[in-house]
Amino acid sequence: MQEFADIEKHLKARKLPPVILKRHRDAVATYRQEMDTVLTNLTATDKEKDATLRKQKLKQTKDHLKSKKHRRAQQPFDPNHLPFRVPEGKVRPPKETKAELQALFNAPEPTQLASTHLSPGMLIPVASNTPQPADLAPTEDVQLTPDIQALAAQLNHRPVDIYNWVHNTIEFIPTYGSIQGSQMTLETKKGNAFDTASLLIALLRASDIPARYVYGTVQIPIEKVMNWVGGVEVPEAALQLLAQGGIPSTGLATGGKIVAVKLEHVWVEAWVDFQPSRGAKHIEGDTWVPMDGSFKQYVYTAGIAPTQNIPFDQQALLAQANLAAESNAQEGWVRNVDESLVQTALTSYQSELQAYVNSQQANATVADVFGDKQIVASQRPILSAGLPYQLIVRANAYAEIPAALRHTVQFAFYATERDSTFDAPAFSLTRSLPGIAGQRIEFSYNAATPADQAVIDAALADGDTSLPAYLINVTPALKIAGSVIQAGPAARMGESQVFSVTINTPMYEQRRDYFVSAGDFSVLGIDPAGIPAHAWEKRTQQFDLNNPLLPDFTAEMYHQIILGYFAEYGAFRQITSDMARVIYYQLPSHGIAGTPLSINYLFGIPRTATYQTRLLDIKDNRITAQHVTNDQAATSAFVQKAGYIGSYLESGIYDQAFLIPEGHSMSAVTALRKANQEGQRIYRINQSNLNAVLPILTVDADVKADITRAVQAGLEATVPQHNVTVDNFDGVGYTLIDPVTGSGSYRISGGREGNNSPSHASIIPLPEVPLTPIVGLMLGSLVRQAGATLAVNAAGALEIVIAEGAAGAAAGPIGLLVAAIIVALWIAFSISQTADTEYPPTSVMLRKYVSRDRLLQIAKNGVIGASGPTELFQGNGVYFTDPFQVIAGFEPVNAGVGCPVTPENALLVATAYQIPGPNDPPNPERAESFIEIEILRENYFDIRRIPNANGATEIVIASPLIPYPNMETDPGPQSGLGLLVGAILAPNPIVRVEWLCP
């Protein structure tokens, strides 16, 4: 109660609004009531003489306490809708009649039928109607952005040049429905038929050329389809990829052999000058001319294929690992897998591969190693009169894509979990996916009233590391590109709520729920069709995180992190698919990155809240995937390997972004590896041993429930026997895999499909240090045009990865664990190697002079904030001095200043370094204490050294915040000694506090 009394005294001293004081007193009353209940129950239990009744009363007390216990809701698990998965490949056949196509989109115009074979008459364009204003207008899919307009001008607004550029540049993705829109298709340089048509129409309309969509059913020879969808070797693989992508299609057989494919398709008609220029000139149009920028053929070039020529003996590694480890096949567990043995095998094999590549071709690129894929370019001087395939039926022409053919995203917010169960949202809105593709989507909370903001401001002013959550109400806000689109009702900080995202497509609808606490900071990242390296790089250049004045810095940082995750995952997956000879494409997927509130509860009251964890939660990650020969076992093995890589990168992306030493961020794979390092038993659970193993596990009941649900649905689980504790994470990582398809769920305690990464405790969701470009470097070394070294290292690791379908089910739990260890070793090594090259380790000592009060605040919150506008230089940044500098004309400054700082030395420092400013008299109070730090990495901060009028070197780091690990001990008020600083959470690899002088 004394603590509550102290808080009330503080609230009054801060003159906070009466409503805040009332909330405090209400919380105190609740606490007293609950304590009275507990004490009454304990007293009654103590007085009870009957053992049975005594036990009952004790249980009542425990049940009462349990009912008041509060924690984050377990993220739900549905074994029938795994987060990382490949669609079943079931699709309806294409419509082939006028009536069917009219019914499909409720088409008001008549449908024009064509013959069942290509005839010369079909090549003669017919002007069925004249252009309308809508044929020149922007739409949700046809975005006439500055980039689009600039490219149209670059192509001289000539129809044939526009067509050739789109055909020759945009890679085809066999998926269905409008997904990206014109701008993102331009940025990614890939898209399905709808997206490619949107870009083509956008370029035409930006050139003042009317253009429209045409939908219909076409027939294409099977060999052209096999080439078009990725270079598969059997018709069945091509049909599977079309079906997984949702394209209504069917194979046509003759004599028991598939000879062609019928499919629904979209193309473009443009109103151009056909007579006489045939689109070669940008002049007034006279005819609707068909164009299809999405249909094309490729030239596939074989690579060096090192893993095929230097195969790895997986069974030998498993045999060695089995001998070195402890395992029990009957009970389904393994432990103490020797990482050094795996590392030796990995390093040795990578060296063999690198030597082989070097012997075949010096300075080989990724394309040289794994093969290449190039579009057969269109060099047309004039437009063709017809389409390059047989037209079965042509539906209407559309100025805008029909709503039934567009992907949409529905956002819904539920104030309570109960509201979510009964689908009673506080707000719900739908946006087209093409309309928001690539935009930053933020779901965060703001102070509900000025009174609530006053509590937060008071905590900031006091340098607190936690907020009194029970005193603060917040309101949720959904922002797109920085603008508030929808806000929800106020709630007390820490209340459990639900933010749901539903992807609606022409093929399916999938809702995913993110369980949040009021006050969490989240950015939703959507990967519509794959984020290539160049698209991610463009975003980082457009929104430079090295600019400390960048608006919405924290939201943009997390946006770039989750886009970096999708991009890097795609690049690693591409190497995996190249090696495995599997064709894969990204389907619309999403996840959140951000920082959740960590809340301490007292009898269900959210007592304190702090931001001290970063998260990534990938709720929906869909791909299409098929082996070139339709080998289902090989496809499953690829999917499972890709799952391991994705799970590791969920933690690895934060390791890269903040240069966190490997082993602090926990995902399913890294937590499994940690459990092995601790010597825990790692169980592989299926229907044969579920009942025997479940009672042995000392993990959370929710984890056991997930495992039970998964195994009963035919999945297999991999889980350690006990929790692992790393920094502020106490839980397990576990996988739930479909052994047939390779699809799965990679979870950590709490049900998150992602990671837990430690941060430094704060009352705001600190961005910490700017995002590093390491992700970009890693991406650059994985694309086809880049150098081959890291790609070869990747090949070595991925070839060794043991997955079902590759090593066989006999590998058991040891094979799965070895796979997780290999992925962790390989990516961690790659990140470390890249970081040390870009940011070499160093040791640069800097000193910051502050007042004693400021020093205590810095020591309390673990953050050196921006220097004030009158301190040293004008502007935003953190300012330091050289601790070893001796300045002519002054007594030795810095080098001769001891601890504690004497008044004489404080005056000397304030004078030499012009504190508080060059036009102000020196203020010794601002130099009565100092903090000394060590910069541990070169090239990370923008450090500027500027001499002042006295000859002293003043140093500015152009960053508004420099967080470092919190103090284990605050400097005492009478302490005259400097204090060495230790870390509570993950050590900061950028800055280390060496000395504090109170």
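# A guided tour of the predicted model

Begin by selecting helix α19 (residues 553-580): at 1.5 Å a residue its 28 residues should span 40 Å, and its end C-alpha atoms are 40 Å apart, which agrees. The expected span used here is 1.5 Å times one less than the number of residues in the helix. Helices (H or I, at least four residues) and strands (E, at least two) are DSSP runs, numbered from the N terminus. This is a predicted model in which local features need pLDDT of at least 70 and side-chain atom pairs count only at pLDDT 80 or more, whereas totals for chains, interfaces and linings use all residues. Residues are numbered from 1 along each chain as its sequence is written, and side-chain values use heavy atoms, with hydrogens and water left out.

Colour α19 by accessibility next. The helix is mostly covered, with 26 of its 28 residues buried; buried means under 20% relative accessible area, exposed over 50%, and partly exposed in between (1.4 Å probe, protein chains only). Step past the helix to arginine 581, which follows α19 and has a positive phi near 60 degrees.

Select residues 812-838, helix α26. Its 27 residues reach 40 Å from the first C-alpha to the last, close to the 39 Å expected at 1.5 Å a residue. Of these 27 residues, 21 are buried, so α26 is largely enclosed by the rest of the structure.

**The aromatic cluster**

Now display the side chains of Phe411, Phe413, Phe427, Phe443, Tyr445 and Phe499, which ring pairs link into a cluster. Rings of Phe, Tyr and Trp (its six-membered ring) pair if their centres lie within 6.5 Å; planes under 30 degrees apart count as stacked, over 60 as edge-to-face and the rest as tilted. By this rule the count comes to 25 aromatic pairs. One of them joins phenylalanine 413 and phenylalanine 443, a tilted pair at 5.8 Å centre to centre with 40 degrees between the planes. This pair links distant parts of the chain, 30 residues apart: phenylalanine 413 belongs to strand β14 (residues 408-414) and phenylalanine 443 to strand β16 (residues 441-447). Both phenylalanine 413 and phenylalanine 443 are buried.

**Charges over rings**

Two further selections show a charge over a ring, meaning that NZ of Lys or CZ of Arg is within 6 Å of the ring centre and within 35 degrees of the ring normal. At tyrosine 298, lysine 373 lies over the ring face, 4.4 Å from the ring centre. At tryptophan 333, the residue over the face is arginine 681, 4.0 Å from the ring centre.

**The disulfide**

How many disulfides does a search of the whole structure find? The search finds one, a disulfide being a pair of cysteine sulfur atoms within 2.5 Å. Select cysteine 899 and cysteine 997, which are joined with an S to S distance of 2.1 Å. The torsion about their S-S bond is about 110 degrees, so the disulfide is right-handed. The bond links distant parts of the chain, 98 residues apart: cysteine 899 is in the loop between β36 (878-881) and α28 (903-912), and cysteine 997 is in strand β41 (residues 991-997). Cysteine 899 is partly exposed at 26% relative accessibility, whereas cysteine 997 is buried at 0%.

**Backbone details**

Remain at cysteine 899, which a cis peptide bond joins to proline 900, with omega about 5 degrees. Another cis bond runs from glutamine 275 to proline 276, with omega near 15 degrees; proline 276 is in the loop between β7 (257-272) and β8 (287-291).

Move to asparagine 336, which has a positive phi near 60 degrees and is found in the loop between β11 (333-335) and α13 (339-360). Aspartate 727 also has a positive phi, about 55 degrees, and is found in the loop between β29 (724-726) and β30 (729-731).

**Confidence**

Finally, colour the model by pLDDT, the predictor's confidence in each residue, from 0 to 100. The protein averages a pLDDT of 88, and 92% of the residues score at least 70. Over residues 805-810 the pLDDT is below 50, and this stretch has eleven contacts in the model beyond near neighbours in sequence; contact means heavy atoms within 4.5 Å. Residues 967-984 also stay under 50, with 44 contacts beyond four places in sequence.
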